[in-house]
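Please look over the model below before reading the points. They are meant for someone who has not seen it before.

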Amino acid sequence: MDDEAAMSRALELAASVRASAHPNPWVGAVIVSTGATFEGATEPVGGRHAEAVALDAFEAAAGGAGEGTTLYVTLEPCWEWDGKRTPSCAKAVVAAGIDRVVVAMEDPDERVRGRGVAALREAGVEVEVGLLEEEARRLLRPYVHHRTTGRPFVVLKLAASLDGRTAAPDGSSQWITGEAARADAHRLRAESDAILVGAGTVRADDPSLTVRAVEGRDPRRIVLGRAPGGAKVHPCDEMSGDLAEILDRLGGDGVVQLMVEGGASVAGEFHRRGLVDRYVVYVAPVLFGGDDARGMFSGRGALTIDDVFRGRIVAVEHLGDDIRIDLERAA
């Protein structure tokens with residue numbers, strides 16, 4: 001297995017635990033030794049890091065490193081700091097006798113940044129950084145955003161008809177999209193540490209905001225305003241005030257990815273404030289055919305063509321009869 005193939009496999013392993021590893025970074029690791037490979041991916045919080053999983057499998061099978069043993073890992077191995085819950089992966093790599101480590105990207109966490117690589121090199125381990133870095137950064141985008149800004153990566157999820165409407169004039173909206181799109185939205189919930197809606201949506205739709213269509217843990221539920229006492233969203237956190245301050249608070253609480261799921265007033269406010277990092281729009285082959293159905297956003301929009309939001313489509317996926325479009329701000 002060559003370097004790029006091994007790192008590609010490590011990225012696949014990292015992606016496979018996207019919904020279970022957070023708020024820790026979802027990382028993959030592959031050890032190649034005398035033709036044999038040993039794999040690992042980050043376990044749920046409190047469990048082993050990817051390197052430790054691969055090292056345990058390697059040591060159980062091989063009993064020790066042979067000459068030319070290489071570890072491929074998608075994120076810089078962690079060092080140690082006060083309060084760290086898990087052992088240092090860099091120390092474990094040195095102790096295992098690994099003589100070469102290939103890292104996709106440096107860890108942006110200031111407690112680790114460069115320290116893991118420096119410790120390995122000081123111990124005589126050959127280290128290379130940057131193989132498939134762009135792919136690793138794309139995969140870890142929410143984690144990188146959180147560690148560099150202190151705020152969650154905000155994903156605004158919207159479901160609309162082909163003519164951009166989310167509900168009929170009478171307020172009815174279930175179901176615009178099909179089963180496959182709804183399941184995908186639940187996967188997005190499972191990948192998020194918290195999900196946020198407005199109190200108006202809670203009163204109108206009484207959503208539970210749980211993960212039901214796929215396997216995964218339920219996100220922390222946040223309501224802007226007050227949720228009625230008997231609402232399905234309970235237990236939840238009720239918050240109010242400036243949205244930027246709320247994001248700062250959530251980021252400080254360890255929320256790496258925040259999913260905003262509505263309604264139109266909340267979506268419009270996040271959009272106008274420039275607080276959305278990724279728009280995920282599920283478009284159904286449905287036409288309301290008029291201007292009286294409800295739109296994706298409420299409130300004041302762009303006044304001229306010069307003021308419209310200019311984004312770039314980063315992904316398009318067919319989900320049954322529907323289409324998922326991922327949109328980010330243009331560079």
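This is a predicted model: local features need pLDDT of at least 70, side-chain atom pairs count only at pLDDT 80 or more; totals for chains, interfaces and linings use all residues.

1. Residues are numbered from 1 along each chain as its sequence is written, and side-chain values use heavy atoms, leaving out hydrogens and water.

2. The protein chain holds 11 helices and 15 strands; these are DSSP runs, helices being H or I of at least four residues and strands E of at least two, numbered from the N terminus. Its C-alpha trace spans about 70 × 40 × 40 Å along the principal axes.

3. Of the 331 residues in the protein chain, 47% are buried, where buried means under 20% relative accessible area with a 1.4 Å probe, protein chains only. Among contacts (heavy atoms within 4.5 Å) between residues at least 6 apart in sequence, 71% join residues at least 24 apart.

4. Strand E1 (residues 28–33) runs antiparallel to strand E2 (residues 36–41), and 6 bridges join them; two strands pair if DSSP finds at least two bridges between them. Ser33 stands opposite Ala36 in E2. The hairpin has 2 residues between the strands, and Thr34 there takes a positive phi near 45 degrees.

5. The count of disulfides is 0, a disulfide being a pair of cysteine sulfur atoms within 2.5 Å. For Cys78, the nearest cysteine sulfur is that of Cys89, 3.7 Å away. Cys78 is buried, with a relative accessible area of 6%, and Cys89 is buried at 4%.

Terms used:
Buried means under 20% relative accessible area, exposed over 50%, partly exposed in between (1.4 Å probe, protein chains only).
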